[in-house]
Amino acid sequence: MTLDLAGAARLLREARNVGVLTGAGISAESGIPTFREAMTGLWATFDPEELATMEAFRRQPRMVWEWYAERRKRIGEARPNPGHLALVELERRVGSFTLITQNIDGLHQAAGSRNVVELHGNIRRVKCAGEDTVVERWDETGELPPRCAVCGDHLRPDVVWFGELLPEAALQRAWQVAEECDLFLSIGTSNLVEPAAALPWLAHRSGATVLVINPTTEGQRHGAGIHHLQGPAGELLPALVGVA
Ligand code: NAD
């Protein structure tokens, strides 16, 4: 069912335990391109599914590192938008609030959100490709990618690549939030990437009301207890939090 702002605000006012899932759409208004949109210029001829894999990294570590370095730079220049900021305000107001994100841009934390579950990692972090441990310092020898000081293997971005498992603890927390919340917001995600795509429907099956915020209802589920607020998150979320 498509809701108006007043109807959605009512849902928010009544909620005691809110779970939120965000996707690339919430960062669109911060100027961060989606995966496909990022494949421009030098990278136009590449398929992201062939770059964002461990196999690609082992084959051409420098190229994959440089692709991520370019995305990291662009993300580093981006600022949280009013949608990110409205979720900070919502967290302040609601008793129990967990923000699950598929984004790797770190913009929720940059905005001030505290209880954030990162399902796909964070491009601002680096980890050892061999040991899977987060690395904060390394020697700038000029070699790219740099090497892990402990084991000498290459360093890689701490993001989940195609074919890799999601971080277990994050996934468990996300599952638990979907099962326990009474209102679940699904914001700016196309629901194409599993297992994150299953979360709104798990919440729905567990008895939560689901509110989808997206400019399009295409590809989203419909039915009793699933509401749609259609439009850009950067406009709708501040308006919603403003009237709730
Ligand atoms: P997606 O690109 O598949 O879908 C984006 C969704 O956002 C679409 O449904 C679109 O209609 C909606 N949208 C577009 N503009 C919007 C706006 N202003 N407000 C609200 N919604 C808007 O993204 P996804 O579902 O997150 O899945 C893609 C995968 O790519 C994820 O795994 C994600 O980690 C990754 N990714 C992350 C970033 C990032 O960190 N910012 C960027 C690109 C891709």
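I count a polar contact as a pair of N or O atoms within 3.5 Å. The model is predicted, and I read every value below with that in mind.

Entry 1: I started at Gly-188. One of its polar backbone atoms is 3.2 Å from an oxygen atom of the ligand. At Gln-102 I found a backbone N or O atom 2.2 Å from a ligand oxygen. Glu-29 uses its side chain: an N or O atom there is 2.7 Å from a nitrogen atom of the ligand. I then checked cover. The ligand taken alone exposes 850 Å², and the protein buries 84% of that.

**Entry 2: the shell.** I looked up 24 residues around the ligand; Glu-29, Gln-102, Asp-105, Ser-190 and Asn-214 come nearest. By class, the shell has twelve polar, ten nonpolar and two charged residues. Which element gives the most to the shell? I found helix H2, residues 24-28, with four residues. Domain 1 (1-31 + 80-120 + 165-244) and domain 2 (33-77 + 123-159) each supply at least three shell residues.

**Entry 3: Thr-101.** I placed Thr-101 in strand E2, which spans residues 96-101. Is Thr-101 buried or exposed? Its relative accessible area is 2%, so I call it buried, the cut-off being under 20%. The Thr-101 side chain makes a polar contact with the side chain of Thr-22, at 2.7 Å. Leaving out residues up to four places away in sequence, I listed what Thr-101 touches: Thr-22, His-108, Val-116, Val-117, Glu-118, Leu-119 and His-120.

How values were computed:
Residues numbered from 1 in each chain as written. Predicted model: local features only at pLDDT ≥ 70, side-chain atom pairs only at ≥ 80, totals over all residues. Heavy atoms only, no water. Helix = DSSP H or I, 4+ residues; strand = E, 2+ residues; numbered from the N terminus. Buried < 20%, exposed > 50% of the residue type's maximum accessible area, 1.4 Å probe, protein only. Polar contact = N/O pair within 3.5 Å; in protein donor to acceptor, adjacent residues only side chain to side chain. Contact = heavy atoms within 4.5 Å. Near = heavy atom within 4 Å. Areas by Shrake-Rupley, 256 points an atom, 1.4 Å probe, with all protein chains shown as cover. Nonpolar A, V, L, I, M, F, W, Y, C, P; charged D, E, K, R; others polar. Domains from an automatic or database assignment.
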